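Hi everyone, thanks for making time today. Let me put the model up on the screen, and then we'll walk through it together.

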Amino acid sequence: MSDTGIVGTVPGLRRAGLFLGALLALVAVLGVAGLPVYVHPQTDPLRRADAIVVLGGTAYERFDVGLDLAERGYAPQLLISRSTGEDDSVMDRYCAPRFEFTVSCFVPDPWTTDGEAREIARRASLYGWHHIIVVTYTPHVSRARYIVGKCFHGELTMVASPSDSGLKFWTWMYIRQSAGYVRAFFNRGC
């Protein structure tokens, strides 16, 4: 029996080990680099604005944050994205006209942050908004700031609503938000 088969696998194992080590190092670097972007994004001190805008999604806590800010008098208008569609009955409690401030709801076109940013720009032009408070969930804050800032040229105050936690959630958010950044970079809209 020849030893050449065993000797031939040692360089292959070494290469595989180097590749795996490099891959783990890359994942660690990306994980650390994403902390200030996804996990602890820059949010802004609250102050009175022309409108509060709540970006859509199925983590409904963000809508409660927007309502609370409007009830506390941070803006006379609350704009809510119904990105889950017109037939989402949970959204009816937010979009019903029963508040002491103006509430408007819209379905973005397209159903993306881009669509929301375009509607924000349209309404800002219509109503003369110069400063808005934007509420979204934590891992989306930085990307939303970038996309909305491409369309709305006034002052943005970004507010993060609570997010899920756990390795599965954050892994998905790193992937999803990174892909969204790439798409937003190549989208020359607004």
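Before anything else, one term: a residue is buried when its relative accessible area is under 20%, exposed when it is over 50%, and partly exposed in between, using a 1.4 Å probe and protein chains only. Please keep in mind that this is a predicted model: local features need pLDDT of at least 70, side-chain atom pairs count only at pLDDT 80 or more, and totals for chains, interfaces and linings use all residues. Residues are numbered from 1 along each chain as its sequence is written, and side-chain values use heavy atoms, leaving out hydrogens and water.

With that cut-off, F63 is buried at a relative accessible area of 0%, and Y94 is buried too, at 1%. Helices here are DSSP runs of H or I with at least four residues, strands are runs of E with at least two, and both are numbered from the N terminus.

What about the rings? Phe, Tyr and Trp rings (the six-membered one for Trp) pair if their centres lie within 6.5 Å; planes under 30 degrees apart are stacked, over 60 edge-to-face, and the rest tilted. The structure holds 8 aromatic pairs. F63 and Y94 make a tilted one, 5.3 Å centre to centre with 40 degrees between the planes. Ring pairs also join Y60, F63 and Y94 into a cluster.

Now the sheet. Which order do the strands take? Five strands form an open, parallel sheet in the order β3-β2-β1-β4-β5, where pairing requires at least two DSSP bridges between two strands. The edge strands, each pairing on one side only, are β3 (102–106) and β5 (155–161). Strand β4 (residues 131–137) pairs with β5 over 7 bridges, and I132 stands opposite L156 in β5.

Finally, helix α6 (residues 167–186). At 1.5 Å a residue, its 20 residues should span 28 Å, and the end C-alpha atoms are 29 Å apart, which agrees; the expected span is 1.5 Å times one less than the number of residues. Its buried residues are F169, W170, M173, Y174, Q177, G180 and A184. The face turned away carries the exposed L167, K168, R183 and F186.
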